[in-house]
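Please read this briefing beside the sequence and the coordinates.

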Amino acid sequence: MKKLINDPANVISDALLGFAAAHPELRVDHENRIVVRGDAPVRGKVGLVSGGGSGHEPLHAGFVGPGMLDAACAGEIFTSPVPDQMVAATQAVDGGAGVLHIVKNYTGDIMNFELAAEMVAADSGTQVVSVVIDDDVAVQDSLYTAGRRGVGATVLVEKIAGAAAEEGRSLGEVADVARKVNSYARSMGLALTSCTVPAAGKPTFDLPETEMEVGIGIHGEPGRRRVPVAPADEIAEMLVGPILSDLDFTGGDGVIAFVNGMGATPLIELYLMFNEVTQILAKAGIPVARSLVGPYITSLDMAGCSVTLLKADDELLRLWDAPVNTPALRRGV
Amino acid sequence: MDTEALTAWIREFARLIAANKDELTALDSAIGDGDHGTNMDRGLTAVVSVLDAEPQETPSALFKKVGMTLISKVGGASGPLYGTAFLRMAAAAGDEVDLAKVLRAALDGVIARGKAEPGDKTMIDALAPAVDALAAGQSIQAAADAAAKGRDATIPLVARKGRASYLGERSAGHADPGATSVTLLLTAAATTLGGKA
């Protein structure tokens, strides 16, 4: 294992120290491992709290700031944060209009956020609504599994729901926007290599030089099937095909197309992939209304990418275009 | 079954988790995300420190402290599941702890929190047979053996809950890490409470 770390046990606390030093406009609570918007709580605004295992940076802490999240909780690597953190984050951002929990659909995240919401309800008058993100089409039979995983759509939900909250919409309205984004978004990912969790010290799974894993999640868990490495145009088909057959993307105002890097894949390959994705969409008669290309929801040092498509309409595009000022996404400010 | 004996049980569970940390992590790497050993060890190390600093006076206080510490320190799915199990045990423990009764309460708590059923390839597959053995009046050692048998029976199963479920058919062929750690809990009970059931 070659990593820029001191002690595997201190990776998250050491990284949070650096994050705090680099972003003095945000507040970092090192004891609770939460990152909070500097001016929180914003009076009268719905607070947005998300969180999850670490190792997906910039998700979630990199998306804290005006126009996006009010607070993010950092768990251990690939492990859900604990309820105490979520309770502290919820209390820190409650400006009187309630708090939305944005939860990726993983068993641990669901249960810890559920416990946190129960603890907040027992303790205070803060109203909490949870929205679960489950956009990964690689998980096929959700009747007999834990359901689809929350992946790339999480970034889009945090941006768009964040803009809705910034407009002063109510908790119910912001939750509805978040659910709408989730229901109109689909994702599919692929790994060229495994990743190495610092505490484990070796790759989570073996992936030979000549093979790749299709339908990967974001926790180094193996995907649905293993196939020989293929050219980028064929890979794009493997990712976009299942997305298009899962939801009808025609007839709207086009899509917000998001090509995401898994952590170790250079931007030049992501742009190359984006070109392949747009060609497939053009053939299918689906215009690309907006784009996002880069490593935004990663899996440590995994090489590979995911594609997320969000069927857009006027409202979603307007909220997507709204100003945002966070460490990882900044425009219009 | 006094608080001292029950504390010894929890300490032995912590020792077994630490000793089997790498095995639990290896099982979880095969079908999950490779952190069950690390997470459980972090939680139980914290439990042992808390019990060193603040010895508990009653079985109920002991189980509650263990549950709250696990919820605060473990994270993932195991934190809420083991935490809920111990909190339910705290509620079910009276002046005289009936192991069959408190473990039945633990099982009900795990089912309510995780919404899994027997055969889903989860910790329930080891806990349920152990609870049944105790309810039938068998010894704690027999309950531990039933848990181990339940754990081994998860090997061919296809996971239907938790992160292993994403693998579909590929989750078959490995024991469930949660069922494996539950077996350690029962093994620890047999070692420390065996003569006192």
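**Chain contact and sheet**

In this predicted model, the contact draws 30 residues from chain A and 26 residues from chain B.

Chain B side of the contact
- The elements of chain B that give two or more residues to the side touching chain A are helix H2 (21–31), helix H3 (36–53), helix H4 (59–73) and helix H5 (78–92).
- The most is given by H4(B), which supplies three residues to the side of chain B that touches chain A.
- By residue class, this side of chain B divides into 13 polar, eight charged and five nonpolar residues.

Sheet of chain A
- An open sheet of six strands in chain A has the order E1-E2-E4-E3-E5-E6, and its pairing is mixed.
- Strand E1 (26–29) and E6 of chain A are the edge strands, each pairing on one side only.
- On average, and with direction ignored, neighbouring strands of this sheet are turned by 20° against each other.
- Helix H4 (residues 153–166) of chain A packs on the sheet, where it touches strand E3 (47–54), E5 and E6 of chain A, and its direction makes about 170° with that of E5(A).

Strand pairs of chain A
- Four bridges pair E1(A) with strand E2 (residues 34–37) of chain A in the antiparallel sense, and A:Asp29 has A:Ile34 in E2(A) as its bridge partner.
- Strand E5 (residues 99–104) and strand E6 (residues 128–133) of chain A run parallel and are joined by six bridges, with A:Val129 in E6(A) as the bridge partner of A:Leu100.
- Between E5(A) and E6(A) the chain crosses through helix H3 (residues 107–123) of chain A, in a β-α-β crossover that is right-handed.

Conventions
Residues are numbered from 1 along each chain as its sequence is written. Chains are lettered from A and ligands numbered from 1 in the order in which they are written. This is a predicted model: local features need pLDDT of at least 70, side-chain atom pairs count only at pLDDT 80 or more; totals for chains, interfaces and linings use all residues. Two strands pair if DSSP finds at least two bridges between them. A crossover is right-handed if, with the strands pointing away from the viewer, the path from the first strand over the helix to the second runs clockwise. Two residues are in contact if their C-beta atoms, placed from the backbone, lie within 7 Å. Ala, Val, Leu, Ile, Met, Phe, Trp, Tyr, Cys and Pro count as nonpolar, Asp, Glu, Lys and Arg as charged, and the others, Gly among them, as polar. Axes are lines fitted to C-alpha atoms, for helices over the stretch in contact, and angles run from 0 to 180 degrees between N-to-C directions.
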